[in-house]
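Come along as I look things up.

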Amino acid sequence: MNYINTESDSRYRLELGKFISNYKDWDYIVGLSYKNNIRNEKIGRRKLKNLYNNLIKYDDSIDGIFVNEYDKCFNKIHHHLVLNSQLKDYDLKYRIIKYWKNIGLSDIEKFDSSLGYGNYISKHIGKTEVNSWDFLSNL
């Protein structure tokens with residue numbers, strides 16, 4: 001596994017973090033992990049797509065960016081998301097938790113722009129072939 005960390009890669013991640021933070025006034029940050037050792041990014045993208053398709057049934061304006069990332073032991077991937085949704089806070093949380101509970105764990109919080117979440121979720125982008133990002137609408 002290649003772990004890439006050149007100066008230009010670091011600069012890219014910093015700029016990407018700024019882009020993610022400033023792209024929209026995000027409503028939520030979401031963390032999604034798996035019970036099983038999912039190492040294949042295509043499987044992770046498919047599970048995210050299914051979650052996204054489930055959420056747009058209730059809010060067709062839902063929008064977001066996701067980041068795929070290996071855990072610190074490189075055993076399995078997990079996802080970070082930033083979301084906008086017209087759903088009420090409790091409704092969005094309920095729908096994500098209900099959908100993801102058989103897949104793994106979910107953590108949903110209100111977005112706070114002062115915490116630098118864009119930089120946090122982009123810190124490993126490009127370091128491995130799995131550490132990638134995209135818009136939910138591209139799934």
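**Ground rules.** I am working with a predicted model, where local features need pLDDT of at least 70 and side-chain atom pairs count only at pLDDT 80 or more, while totals for chains, interfaces and linings use all residues. Residues are numbered from 1 along each chain as its sequence is written, and side-chain values use heavy atoms, with hydrogens and water left out.

**Helix α1.** I took helices (H or I, at least four residues) and strands (E, at least two) as DSSP runs, numbered from the N terminus. Helix α1 covers residues 7-23, and at 1.5 Å a residue its 17 residues should span 24 Å, which agrees with the 24 Å between its end C-alpha atoms. The expected span is 1.5 Å times one less than the number of residues.

Which residues of α1 are buried? I found R13, L16, G17 and I20; buried means under 20% relative accessible area, exposed over 50%, and partly exposed in between (1.4 Å probe, protein chains only). Seen down the axis of α1, the buried residues fall within an arc of 105°, so they line one face of the helix. That arc is taken from the directions from the helix axis to the C-beta atoms. On the other side of α1, I noted E7 and N22 as exposed. The buried residues of α1 pack against β2, β3, α4 (117-122) and β5 (132-135), with contact meaning heavy atoms within 4.5 Å.

**Helix α3.** I then checked α3, whose 12 residues reach 17 Å from first C-alpha to last, close to the 16 Å expected at 1.5 Å a residue. Its buried residues are D91, L92, R95, I96 and W100. Down the axis of α3 they fall within an arc of 140°, so they line one face of the helix. Their cover includes β1, α2, β3 and β4 (106-110).

**The cores.** A nonpolar core is a set of buried Ala, Val, Leu, Ile, Met, Phe, Trp, Tyr and Cys residues joined through side-chain atoms within 4.5 Å. The largest one here has 24 residues, of which V30, L32, L81, L83, L92, I96 and L136 touch the most other members. At least two residues of this core come from each of β1 (28-32), α2 (41-55), β2 (63-70), β3 (77-84) and α3 (89-100). The largest share, four residues, is from α2. Apart from this core lies another, of 12 residues, among them I65, V67, V82 and F111.

**The cavity.** I searched the whole structure and found one cavity of 30 Å³ or more. On a 1 Å grid over the protein atoms alone, a cavity is a set of points where a 1.4 Å probe fits but cannot get out, and lining residues have an atom within 4 Å of a point. The largest cavity holds about 50 Å³ of space. Its lining is V30, L32, L48, L51, Y52, L55, L81, L83, I96 and L136, and α2 gives the largest share, four residues.

**Two single residues.** Leaving aside neighbours within four places in sequence, E69 is in contact with K76, I77, H78, H80, I121, K123, H124 and N131. D25 lies in the loop between α1 and β1, and at 70% relative accessibility D25 counts as exposed.

Conventions:
On a 1 Å grid over the protein atoms alone, a cavity is a set of points where a 1.4 Å probe fits but cannot get out, and a pocket is an open set with protein on both sides within 12 Å along at least five of seven lines; lining residues have an atom within 4 Å of a point. Grid points are joined across faces, edges and corners, and a volume is the space filled by probe spheres set on the points.
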